[in-house]
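The sequence and the structure are shown first.

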Amino acid sequence: MYSSQIFEAVSRARTENIAAINMLKGECSLDRYAHLMRADADGASEIWTDAFQAALDENRIVRIPAREMPYLIDRPIIVPSHRRIIADGAAIRLADGVDTLMLRNEHTHDGTHRPIDTGDRDVDISICGGTWMDNCTARAGYGRTGKYDAARSFYGVSTLMLFNNVRGLTIEHAAFAHCGAFAVQCGDSENIVFEDITFKDCYADGLHTNGGITNMLIRGVRGQVGDDLVALNMYDWQDSSVNFGPTRNVWCEDLELAADSRYKAIRIEPGMYRYADGSIVDCALNNAMFKNVRGIRTFKLYYQTPAYPIGGEAEWGDVGSADNIYFEDIAIDLQEPIDRLPDYMNSDAVTGAFAGFELNAKIKQLHFKDIRLTVDKQRWPQAYLVCVGPKSCRHNGKEIFDPGLSGEVQRLELEGISVNGQEVHDISQYVREIVFDHLYPEAPSFARGTIHALVCK
């Protein structure tokens, strides 16, 4: 699929979402339900959970008036189909001590053990405006905040807002602040729009998208996060996903990570996932554009298992596939390795390669256009624009990556590549095919990366 076709697909989805939103009738103000507001246990704060839930249950459009104090929420609020929340100028915050998520759609499903049933899919949900706040001052860790419910009945949910099994989701002109877990987590959905989103002092991923998504527009996303600004994790670890499977037609444009963000990466993770009955799904990414991206040091497009003890066995899995992936108008300042692990910091000749684009998947068509790399090759001789192939680092008694897994790119097209302000005509010194030749005698570690066709325009 050409990049123009990807844009057409997500633009149609956006247009459909807008049309559905504009059809909604019946607006009320949250103030109408102020009689359901109650005091917290100490009598010092107003809790608006019951009022918010009743307003959503009884009205298609709920407007949250701006006021000086945040509206406090003390349990998950359920958003039914055909709902629009307008929160211009308002702040909504989880009450102190609440460790569950704030907002989710009604018919969510856990797809950890088997594909979800989409027969009851929620439709046409919109959130416009507002500052949506957690109660954290640091990343809390999976299972400690952002839980699906008090029992953590969806093990892989760790977020302020969860949306899955939805058709037609729009979140726009909104800010997220002090999120100890992901700000938004979604998967197994269709026609998704995130537009004009700001993160303020967030400590994990901003937008954390998982498998099973078709037609997603992510545009105008900026701010400070503690991990990935945007993550496209079609495959993911079980503590951070309940949706596994292929994703197609994604357009990410105008992304800017704040300079003081701790981890300057965007993760794109295809992989092979095995359900409880033994069936296997290729959590692939097909047809995706990343355009006009600033502040990101490394794009991670590779499968990675959870770390495991040296001499032990990794969790089952394998590299996934990708096709028609585009990167355009991207500036990367590769000041140092994104992962400050010994192999990279010491420029190990075999395992120390790092890059602005780190790949280990079965990729068919990959396109780079107008990529501007800044790198000090004397300080970092193992730094590249692109690395393809296996990764390995043994640290604190564990293997961090998967040294026995190979990857390939069938066709890599490059156009308008510059390094340190100079246009590059010979790209070979900035592209690395990584080869492990039985790196560890006691572990699977014979693997390589291959680019079958490298085309410079």
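## Strand pairing, pocket and cysteines

Lys291 stands opposite Glu328 in strand E26. The model in which this pair occurs is predicted. E26 covers residues 321–333 and runs parallel to strand E23, to which it is joined by seven bridges. On E23 (residues 285–294) there is also a parallel pairing with strand E19 (residues 247–257), made over eight bridges. Within that pairing, Trp251 is placed opposite Met289 of E23.

A parallel open sheet is formed by eleven strands, in the order E6-E9-E12-E14-E16-E18-E20-E24-E27-E29-E34. Its edges are strand E6 (77–79) and strand E34 (431–433), each of which pairs on one side only. Direction ignored, neighbouring strands of this sheet are turned by 15° against each other on average.

| Strand | Partner strand | Bridges and sense |
|---|---|---|
| E19 (residues 247–257) | E23 (residues 285–294) | eight bridges, parallel |
| E23 | E26 (residues 321–333) | seven bridges, parallel |

Helix H2 (residues 49–58) is largely enclosed by the rest of the structure, because seven of its ten residues are buried. The buried residues in H2 are Thr49, Ala51, Phe52, Gln53, Ala54, Ala55 and Leu56.

The largest pocket has a volume of about 520 Å³. It is lined by 22 residues, of which Tyr142, Asp227, Trp237, Arg267 and Gln304 are the closest to its centre. By residue class, the lining of the largest pocket consists of eleven charged, seven nonpolar and four polar residues.

How many disulfides does the structure hold? The number is zero. A disulfide would require two cysteine sulfur atoms within 2.5 Å. For Cys179, the closest cysteine sulfur belongs to Cys202 and lies 3.9 Å away, which is too far for a bond. Cys179 has 0% relative accessibility and therefore counts as buried. For Cys283, the closest cysteine sulfur is that of Cys186, at 15 Å, again too far for a bond. Cys283 likewise counts as buried, because its relative accessibility is 0%.

Technical notes:
Residues are numbered from 1 along each chain as its sequence is written. This is a predicted model: local features need pLDDT of at least 70, side-chain atom pairs count only at pLDDT 80 or more; totals for chains, interfaces and linings use all residues. Side-chain values use heavy atoms; hydrogens and water are left out. Two strands pair if DSSP finds at least two bridges between them. Helices (H or I, at least four residues) and strands (E, at least two) are DSSP runs, numbered from the N terminus. On a 1 Å grid over the protein atoms alone, a cavity is a set of points where a 1.4 Å probe fits but cannot get out, and a pocket is an open set with protein on both sides within 12 Å along at least five of seven lines; lining residues have an atom within 4 Å of a point. Grid points are joined across faces, edges and corners, and a volume is the space filled by probe spheres set on the points. Ala, Val, Leu, Ile, Met, Phe, Trp, Tyr, Cys and Pro count as nonpolar, Asp, Glu, Lys and Arg as charged, and the others, Gly among them, as polar. Buried means under 20% relative accessible area, exposed over 50%, partly exposed in between (1.4 Å probe, protein chains only). Axes are lines fitted to C-alpha atoms, for helices over the stretch in contact, and angles run from 0 to 180 degrees between N-to-C directions.
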